[in-house]
Amino acid sequence: MSAGEQGDFKFVELGEEAVEQQSTKPGERLEEPVEPAGPAERGSDTQPEKPSDSIPLTNPHTVRVKREPIDKHKLKRFFVLRPGAIEQAIEDIQSMMDEKEDGSVQSVWLLAEVDHWNNEKERIVLLAENSLLICKYDFIMLSCEHIQRIPLNCIDRICHGEFTFPQKSLDKREGEGLRILWDRLREPTFVSRWNPFSGDFPFCTFTEHPVLEASDKFTKMCALDQFRDQLMQASQRAHEKNPVPGKANGVLVLKQPILIETYVGLMSFIGNQNKLGYCLARGNMGF
């Protein structure tokens, strides 16, 4: 080779594949790398790998937690939804009933009572053969605190409709209510109207409980329309069975607005927004 021909050559770095090709002798065949056999190519004694039960993650360092709806999370705060709470309450109230005076229990309802100052209060209502029992029950301590007994043959009017307030009132309430009246001749006094703790009224007002949509069981117990129909039928039977002298026999059912005579409503606004009339889990109060 001449000196001119040697100058035409340049140094070139060879890769690993080129080095392997140069290391083989002419006429020899390169062996391709053998990949490990898959499950189908292995012997019968080898079992295929089972699919993993782990959840595929887009990022291996983060785990996605499925959160429940906020409304459903808030419903869990009601102690009445705790397992066995409503059954224990019904059993305790039935043990305090007078079977001769009240008769047998026809149905049980979970409602919210609205007082004359527009405050909501959790109530268990038992419709018996002769009486209507409105019970204040503590679902935290599982004890009955108060029972109001109303004879069915004294009920003369049942009104149902939307809530309404005086024209200059700042208070408001959405939805429909049910008012039960049992003494049309007695009007509340001026002192009773302006006393937020007064219970001297010849009527009571109900609306639906907030746990209405918690389950099918509570949907039936909180149905205001069904309660109205059963109360009307039970009251009519009580009037026919034991009429009150000097009083018109029968129940008058009216569809009309439910008037609540409050004007400012600051007390009811604070109480209803924080559900102070319900047995509710309110979190830790300590430090």
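## Close-up views of a predicted model

**View 1. D156 and R157 pair through their side chains.** A salt bridge joins D156 and R157, with N and O 4.0 Å apart. The term requires a side-chain nitrogen of Lys or Arg within 4 Å of a carboxyl oxygen of Asp or Glu. This is a predicted model: local features need pLDDT of at least 70, side-chain atom pairs count only at pLDDT 80 or more, and totals for chains, interfaces and linings use all residues. Residues are numbered from 1 along each chain as its sequence is written, and side-chain values use heavy atoms, with hydrogens and water left out. D156 sits in the loop between β4 (143-151) and β5. Helices (H or I, at least four residues) and strands (E, at least two) are DSSP runs, numbered from the N terminus. D156 is buried at 3% relative accessibility, whereas R157 is partly exposed at 23%. Buried means under 20% relative accessible area, exposed over 50%, and partly exposed in between (1.4 Å probe, protein chains only).

**View 2. R123 and E113 link two strands.** The closest N and O atoms of the R123–E113 salt bridge are 3.2 Å apart. R123 belongs to strand β2 (residues 120-128) and E113 to strand β1 (residues 105-114), so the pair ties together parts 10 residues apart in sequence. Both R123 and E113 are buried. Across the whole structure, a search finds 11 salt bridges. Side chains of opposite charge can pair when their charged atoms come close.

View 3. D225 and R228 meet in a salt bridge, 3.7 Å from N to O. Both lie in helix α8, three residues apart, about one turn of the helix. Salt bridges that share partners join D225, R228 and D229 into one network. D225 is partly exposed, at 45% relative accessibility. R228 is buried, at 17%.

**View 4. G161 in strand β5.** Strand β5 holds G161. The relative accessibility of G161 is 5%, so G161 counts as buried. R179 is 18 residues from G161 in sequence, and their C-alpha atoms are 8.9 Å apart in space.

**View 5. The largest pocket.** This pocket has a volume of about 1100 Å³. Of its 36 lining residues, E120, R173, P210, N272 and K275 are the closest to its centre. On a 1 Å grid over the protein atoms alone, a pocket is an open set of points where a 1.4 Å probe fits, with protein on both sides within 12 Å along at least five of seven lines; lining residues have an atom within 4 Å of a point. Grid points are joined across faces, edges and corners, and a volume is the space filled by probe spheres set on the points. At least two lining residues come from each of α3 (70-75), β6 (176-181), β7 (203-208), α8 (224-241) and α9 (266-273). The largest share, four residues, is from α9. By class, the lining has 11 nonpolar, 11 polar and 14 charged residues. Ala, Val, Leu, Ile, Met, Phe, Trp, Tyr, Cys and Pro count as nonpolar, Asp, Glu, Lys and Arg as charged, and the others, Gly among them, as polar.

**View 6. The second largest pocket.** Its volume is about 690 Å³. The lining has 29 residues, with R193, F203, L259, I260 and E261 nearest the centre. β5 (157-164), β6, β9 (258-259) and α9 each supply at least two of the lining residues. α9 gives the most, with three. The lining divides into 16 nonpolar, five polar and eight charged residues.

**View 7. A nonpolar surface patch.** The patch covers about 1200 Å² and is made by L170, F190, V191, W194, Y263, V264, L266, F269, I270 and L276. α6 (190-193) and α9 each give two or more residues to the patch. The largest share, three residues, comes from α9. Patch residues have over 30% relative accessible area and no salt bridge, and nonpolar side chains (Val, Leu, Ile, Met, Phe, Trp, Tyr) are joined within 5 Å. Accessible areas come from the Shrake-Rupley method with a 1.4 Å probe; for residues, only the protein chains shown count as cover. W194 lies in the loop between α6 and β7. W194 is exposed, with a relative accessible area of 52%.

Note on methods. Patch = residues over 30% accessible without salt bridge, like charges linked within 9 Å, V, L, I, M, F, W, Y side chains within 5 Å.
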